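Have a look at the model first, then work along.

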Amino acid sequence: MKISQLPPGLCTPAIGLGCWGMSNAYGPADEKESIATIEAALAVGLHHFDTADVYGDGHNEILLGRALTGRRQDVFIATKFGFVGDEHGQVCVDGRPERVKVACEASLRRLGTEVIDLYCLHRRDKRVEIEDTVGAMADLVRAGKVRYLGLSEVSAETLRRASAVHPIAALQSEYSLFTRDTESTVLPVCRELGTALVAFSPLGRGLLTGKVKSRAELTAGDYRREMPRFAEGNLAKNSALVEALEIMALAKNGTAAQVALAWLLGQGKDILPIPGMKRRSHLQDNLGALRIQLSPDELAQLSTLSEAVQGQRHNPHNLKFIENS
Ligand SMILES: NC(=O)c1ccc[n+]([C@@H]2O[C@H](COP(=O)([O-])OP(=O)(O)OC[C@H]3O[C@@H](n4cnc5c(N)ncnc54)[C@H](OP(=O)(O)O)[C@@H]3O)[C@@H](O)[C@H]2O)c1
């Protein structure tokens, strides 16, 4: 396995902060608490902050930029581009080279920074050769606007083709105890190429914390209302699976969320989970994962959970954007 191309300091701690929820993805967000969470993360030395231009239609980048004022040198900002609205207001992907440059300038402006640490293609635009999109992203590196390049939810073949144009420092994929396809699809190629795997939705969008028990808790507009794993029937079965995590958590004097993150951290030093957290209590809880040790037997025992998960991770519309789905 090659050593990741990302700066080594980024991996201490290995956990990053996913900011999407701060723009109302999973229920309403309180801006003051979101900013306090970012400040608390900085105070404990967490460097990696993940956002995207599409989160809250720019709101998330603006919020993060504001919260990081004066701290730019201490942090690693990852943002993404690609999702846009078409003329009918439908979500689509635009990875054309001319769009890459415009999107980057807009993100830099919203974040209030001169350089983005990790610039990621959110989803591949199937109408455009990946070499062309990544070629335009590489121009941004040469222009000093971006430090590292990343892709999200692409196949192993796309990752290889992209890497032939420019090193791909990170690949974002959904990866958790409930979503493990990455292990057999892109992870081996990431390891061959020295591409870190940024594990998004590492808590199964909250399911693996054991705190989401019924659909009634999901407010109108909560993205999870449209997700099969949170559908009536599936949700009850999936949340029952978390009991195994809770039992192990009890033995470790921890929480289900900590065990779920510790399992991911136990999969390799090149796995960087970015749990979504919009409140300080969740940040504190999740950082506790760093002290949980799981033996090889415990890791293996937990790994079997994914086999019983009910429902696909996305609805058919959103699955269309994902390679390997
Ligand atoms: N590349 C991509 O396509 C992509 C896709 C999805 C997400 N992402 C990134 O990955 C990040 C994380 O993924 P995610 O937010 O989708 O899912 P996630 O991290 O699996 O779950 C987030 C949910 O779990 C809750 N939570 C977090 N810690 C908790 C704890 N200790 N106890 C109880 N509940 C807890 C959060 O609540 P609060 O919000 O209330 O704290 C939120 O509702 C996102 O923020 C985003 O930056 C990337």
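A salt bridge is a side-chain nitrogen of Lys or Arg within 4 Å of a carboxyl oxygen of Asp or Glu. This is a predicted model, in which local features need pLDDT of at least 70 and side-chain atom pairs count only at pLDDT 80 or more, while totals for chains, interfaces and linings use all residues. Residues are numbered from 1 along each chain as its sequence is written, and side-chain values use heavy atoms, leaving out hydrogens and water.

**Exercise 1.** Find the partner of Asp139 in a salt bridge and say where the two residues lie.

*Solution.* Start with the atoms: the closest N and O atoms of Asp139 and Arg142 are 2.8 Å apart, a salt bridge. Helices here are DSSP runs of H or I with at least four residues, strands are runs of E with at least two, and both are numbered from the N terminus.

**Exercise 2.** Is Asp270 buried or exposed, and which residue does Asp270 meet in a salt bridge?

*Solution.* First, the cut-offs: buried means under 20% relative accessible area, exposed over 50%, and partly exposed in between (1.4 Å probe, protein chains only). At 8%, Asp270 is buried. Then the partner: Asp270 meets Arg191, at 2.7 Å from N to O. The two are 79 residues apart, with Arg191 in helix H6. Arg191 is partly exposed at 23%.

**Exercise 3.** Which residues are linked with Glu153 in a network of salt bridges?

*Solution.* The network links Glu153 with Glu174, Arg205 and Arg313.
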